[in-house]
Each structure stands twice: as C-alpha cells, then as structure tokens.
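This briefing concerns one protein structure, which is shown below.

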Amino acid sequence: MAETPLDLFQDAPALTARLVDFPSESGSEKALADAVEEALRALPHLTVDRHGNNVVARTNLGRAERVVLAGHIDTVPIADNVPSRLDENGILWGCGTSDMKSGVAVQLRIAATVPEPNRDLTFVFYDNEEVAAHLNGLGHITDAHPDWLTGDFAVLLEPSDGQVEGGCQGTLRVLLRTAGERAHSARSWMGSNAIHAAAPILAKLAAYEPRLPVIDGLEYREGLNAVAIEGGVAGNVIPDACTVTVNFRYAPDLSEEEALAHVREVFADCDIAEFVVDDHSGAALPGLSHPAAAAFMAAVGGTAQPKFGWTDVSRFSAVGVPAVNYGPGNPLLAHKRDEHVAIERITHCEERLRAWLTA
C-alpha cells in the first residue's frame, strides 16, 4: 500500500477506505505518516513539518485567527476487518472507519481543497493515540515543538457521531490501601482485617453526590467510583492488606491539583495506610464562548454536548487552546470487530467544516 500515493482529491468516503486499507496499528504508523507527508508536501499552499511519525501542515495567510484540526493516524489491532468494505446501504466497514480514519480523511480533504480558508489552518496528524499516554504523538509534539500547536481554537476529529462535544472530563485514578494484621481465620480476634478496614471508603463512595457544573452552557456530571478492589491471602487467613482503586471523573472547571485535593478531602477521615496516584490526565475547557467556536457552532449546527470521557483535547487545553471533539464516526463503534461508518456522515462532516472555513 505504501507504494501507492494518497490521492487527496478523491471524495472523503473513498479516501477513508484508502486509509483503512493502509494498516497503521499503534507503533506501525511510519508508512502512513510517510504517505501523509508526501501528499501534503505536494500542496504549495502548505508548510509541512515532521517529528517522528507526526506530521504538521500549516497555511500562513496572515489571517486574524488560527484553527487547528487534529487527528491520530493509528488504530487498535486489526481484527480480520481489513480491507475495508462498502455495502449497498452506504456503510463503510473496517478497522479505523469510525476511530478515526474517517476524521483523518476529512482533515486531508480540507487541507487539499481549501487553499485560502477564512482562518489560518494547522493540520496535525499524530501517532500512538491508542496506547500508553507516554507514547502519544500529540504529547511528543507538545513537548518538542509547542509552537506547532499555536492556535485560537482546535477541533479534534475523534468520533462524535456528527455532534459537537465540548472539552472533556479529567480522569484521576488513585489506589487507597488499608492495612491490618494477619491471623488464622479460626482465631480472627488475633488479627486485624484490612478488607473490613476498607468499608468506610466504600461507604463514602456509595454516599457520594457528584457535582453537576455548567460550563459554557454544557452540564458536566462528575463521578467518584470504586473500579476495583483487591485483598485476601487465602481462605483461612485474615488479610493484612487491601487496595481499593478509585476513579474520579471531573469537570473541566477543576485543575489537576484541585481534583486531587478534592479526592484527598473526601477520604480524609478514613484510615488509609497509603494513598497512591496511579494515573492522572487533566480536563479540557470547551471554549464555546470563543468567537471562532461560536462561528463553528453556527456552521455545523446542532446542540453542543459535554464530553463524558477524556480525549486529546486536554492536551490542547494544557497549552491554552480551547478545543472540541467533532468527527463523523460513532464512538460506540470504536475498537469493535464490526466497526463501521455511514458515508453520509463523512460527507456531512466535510461539508460543515468547509462551510465554516470558507464562509
């Protein structure tokens, strides 16, 4: 597939199929990154840079605003769902159709066919989104070339089923460890049960009432939940250790420091032997009050929704660029063996973005 150049002037559904047929599982994106770079460098109105398997292209027209369109080029492992298949109902099947090669196809089409947009544009194509955060290509660009991501507003073409999803929640995972003393279960009074000691933690979680903050007109629902509990030695032993894994999904009006402080406060009166932060990714403000975002909403239509989950819009928010999720794929189909996308969704997404950038 790498020997055949990408044709950015074929229609977006056909280009999506071409991208799907170009395998790029996480860690194996080089061939596709090469093809994307080659196709973009052939466009005289763009300046193209590359860092690893991440490609960034920009217009430099001196417009009053700059908008970033971003998408990852990797997929989860192929599950006998490549090559792509278009059925008689206008449904394109295959790995990455929804998450997110249909969005990438729209990016490439805009890059090729809108040479004089009403706002300067930056196109970001990055690798390793589907794997560990430290491998994420957008994060690598942020660290090495933060100026490449400069903008007034960003659109991440992650699957959102054609709806605008503003910002994203933050996610914090902590390990709450309780301690006890081992003993034979026949003589339990000789020990101290660490699993029983976790009961106040579970009671706090069961009684927790999440905030429902409204930000830029979007209502976010927070959640603090146990997602795992581990303890026990044997069927006849009083356990001396227990770990409750707690996940806090928080609204974008909280900083990472404020979110962590809140979780510590919730469990402040519990007897916790060790409090460990296991994972933490910050939230992203939706930025819908920005003029570019208002024009975007007017062009794409519909009603913006809050993003219940974490996406790479958080990385844009961290560098001061408000961002939304807007893509043709359906997030409920991401990573599935029967992943698919309706070609009318792809076409509609491209038409709406084109209207926004040329009106």
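The sulfur of Cys349 lies 19 Å from the closest cysteine sulfur, that of Cys168, which is too far for a bond. The model is predicted: local features need pLDDT of at least 70, side-chain atom pairs count only at pLDDT 80 or more, and totals for chains, interfaces and linings use all residues. Residues are numbered from 1 along each chain as its sequence is written, and side-chain values use heavy atoms, with hydrogens and water left out.

**Cysteines**

- Cys349 is buried, with a relative accessible area of 2%; buried means under 20% relative accessible area, exposed over 50%, and partly exposed in between (1.4 Å probe, protein chains only).
- For Cys270, the closest cysteine sulfur is in Cys242 at 12 Å, too far for a bond.
- Cys270 is likewise buried, its relative accessible area being 12%.
- A search of the whole structure finds 0 disulfides, a disulfide being a pair of cysteine sulfur atoms within 2.5 Å.

**The sheet of 8 strands**

- An open sheet of 8 strands runs in the order β1-β2-β6-β3-β7-β18-β8-β17, with mixed pairing. Helices (H or I, at least four residues) and strands (E, at least two) are DSSP runs numbered from the N terminus, and two strands pair if DSSP finds at least two bridges between them.
- At the edges stand β1 (47-51) and β17 (305-306); each has a single partner strand, so one side of each is left without a neighbour in the sheet.
- Strand β3 (residues 66-72) pairs with strand β6 (residues 120-126) in the parallel sense over 7 bridges, and Arg66 stands opposite Asp120 in β6.
- Helix α4 (residues 137-144) packs on this sheet and touches β1, β2 (54-58) and β6, with its direction at about 125 degrees to that of β6. Contact means heavy atoms within 4.5 Å; axes are lines fitted to C-alpha atoms, for helices over the stretch in contact, and angles run from 0 to 180 degrees between N-to-C directions.
- Helix α10 (residues 343-358) also packs on the sheet, touching β3, β6 and β7 (153-156), and its direction makes about 160 degrees with that of β3.

**The sheet of 3 strands**

- An open sheet of 3 strands has the order β4-β5-β19, with antiparallel pairing.
- Its edges are β4 (85-86) and β19 (340-342), each with a single partner strand, so one side of each is left without a neighbour in the sheet.
- The antiparallel pair of β4 and β5 (residues 91-93) is joined by 2 bridges, and the bridge partner of Arg85 in β5 is Trp93.
- Helix α10 packs on this sheet as well, touching β4, β5 and β19, at about 60 degrees to the direction of β19.

**Helix α8**

- In helix α8 (residues 291-300), the buried residues include Ala292, Phe296, Met297 and Val300.
- Seen down the axis of α8, the buried residues fall within an arc of 165 degrees, so they line one face of the helix; the arc is that of the directions from the helix axis to the C-beta atoms.
- The face turned away from the buried side carries the exposed residues Pro291 and Ala298.
- Among the elements that cover the buried residues of α8 are β7, β18 (323-325) and α10.

**Nonpolar cores**

- The largest nonpolar core has 58 residues, and Leu40, Phe296 and Trp356 have the most contacts inside it. A nonpolar core is a set of buried Ala, Val, Leu, Ile, Met, Phe, Trp, Tyr and Cys residues joined through side-chain atoms within 4.5 Å.
- Helix α3 (residues 97-113) gives the most to this core, with 8 residues.
- A second, separate core of 21 residues includes Leu176, Cys242, Val244 and Leu254.
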